[in-house]
Amino acid sequence: MSETFLVGNVDEPVEIHGVHGGESRLYWKRFVTGNMLYSDLDSFEWARVPPDSVIGEHVHSRTEEIYFIVRGRGEMTVDGEVGEVKAGDLVLTPLNSRHSFRPLGGEDVEIIVMEMLPPAIRDVLPDHSPSA
């Protein structure tokens with residue numbers, strides 16, 4: 001079978017320490033970014049967050065984010081509201097929301113993260129379509 005359709009996988013992610021001012025490390029891989037696409041998707045990423053790590057509280061001023069929990073469970077805080085999330089849950093972090101994440105339990109949490117450009121931002125950015 002041809003590997004033509006394989007764009008990326010979770011092999012060899014980057015190890016990041018103190019992401020967004022958080023604690024310890026996580027493993028992250030970006031599969032695609034906006035300049036590779038025609039859509040308003042700005043980024044499609046995978047992250048593995050070990051149990052002793054925290055994604056610090058932060059704000060995205062140009063993208064909305066969707067967190068899809070693939071494996072494990074954790075605590076997501078969005079604009080001061082705290083909720084427990086588990087595999088199969090999806091969390092939207094709206095534009096300019098303040099949010100953070102920490103695993104619960106003793107296992108890694110795997111997350112798919114998508115960042116989208118809302119119309120108010122997209123309309124003022126230069127064309128981000130892929131070049132031919």
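## A first look

Glu-65 is buried, with a relative accessible area of 4%, in a model that is predicted.

- You will find Glu-65 in strand β5, which covers residues 64-71.
- Glu-65 counts as buried because its 4% relative accessible area falls under the 20% cut-off.
- The side chains of Glu-65 and His-60 are joined by a polar contact of 3.1 Å.
- Setting aside neighbours within four places in sequence, the contacts of Glu-65 include His-58, His-60, Val-91, Leu-92, Thr-93 and His-99. Val-113, Met-114, Glu-115 and Met-116 are also in contact with Glu-65.
- Between Glu-65 and Phe-44 there are 9.8 Å in space, C-alpha to C-alpha, and the two are 21 residues apart in sequence.

**The largest pocket**

- The largest pocket holds about 200 Å³ of space.
- By type, the lining residues split into 8 nonpolar, 3 polar and 3 charged.
- At least two lining residues come from each of β2 (25-33), β3 (41-49), β4 (55-59), β5 and β10.

**The largest nonpolar core**

- In soluble globular proteins, nonpolar side chains tend to be buried together.
- Here the largest nonpolar core has 14 residues, and those touching the most other members are Met-76, Phe-101 and Ile-111.
- Two or more residues of this core come from each of β5 (64-71), β6 (73-78) and β10 (109-116). Strand β10 gives the largest share, with 3 residues.
- Beyond its neighbours within four places in sequence, Phe-101 is in contact with Val-49, Val-54, Ile-55, Ile-69 and Gly-74, among others. Further contacts of Phe-101 include Met-76, Val-85, Val-109 and Ile-111.

**Ser-100**

- Ser-100 sits in strand β9, which runs over residues 98-104.
- Is Ser-100 buried or exposed? Ser-100 is buried, because its relative accessible area of 16% is under 20%.
- Not counting residues up to four places away in sequence, Ser-100 touches Ile-55, Gly-56, Glu-57, Glu-75, Met-76 and Thr-77.

Note on methods
Residues are numbered from 1 along each chain as its sequence is written. This is a predicted model: local features need pLDDT of at least 70, side-chain atom pairs count only at pLDDT 80 or more; totals for chains, interfaces and linings use all residues. Side-chain values use heavy atoms; hydrogens and water are left out. A nonpolar core is a set of buried Ala, Val, Leu, Ile, Met, Phe, Trp, Tyr and Cys residues joined through side-chain atoms within 4.5 Å. Buried means under 20% relative accessible area, exposed over 50%, partly exposed in between (1.4 Å probe, protein chains only). Helices (H or I, at least four residues) and strands (E, at least two) are DSSP runs, numbered from the N terminus. Contact means heavy atoms within 4.5 Å. On a 1 Å grid over the protein atoms alone, a cavity is a set of points where a 1.4 Å probe fits but cannot get out, and a pocket is an open set with protein on both sides within 12 Å along at least five of seven lines; lining residues have an atom within 4 Å of a point. Grid points are joined across faces, edges and corners, and a volume is the space filled by probe spheres set on the points. Ala, Val, Leu, Ile, Met, Phe, Trp, Tyr, Cys and Pro count as nonpolar, Asp, Glu, Lys and Arg as charged, and the others, Gly among them, as polar. A polar contact is a pair of N or O atoms within 3.5 Å; within protein, one must be able to donate a hydrogen and the other to accept it, and residues adjacent in sequence count only if both atoms are side-chain atoms.
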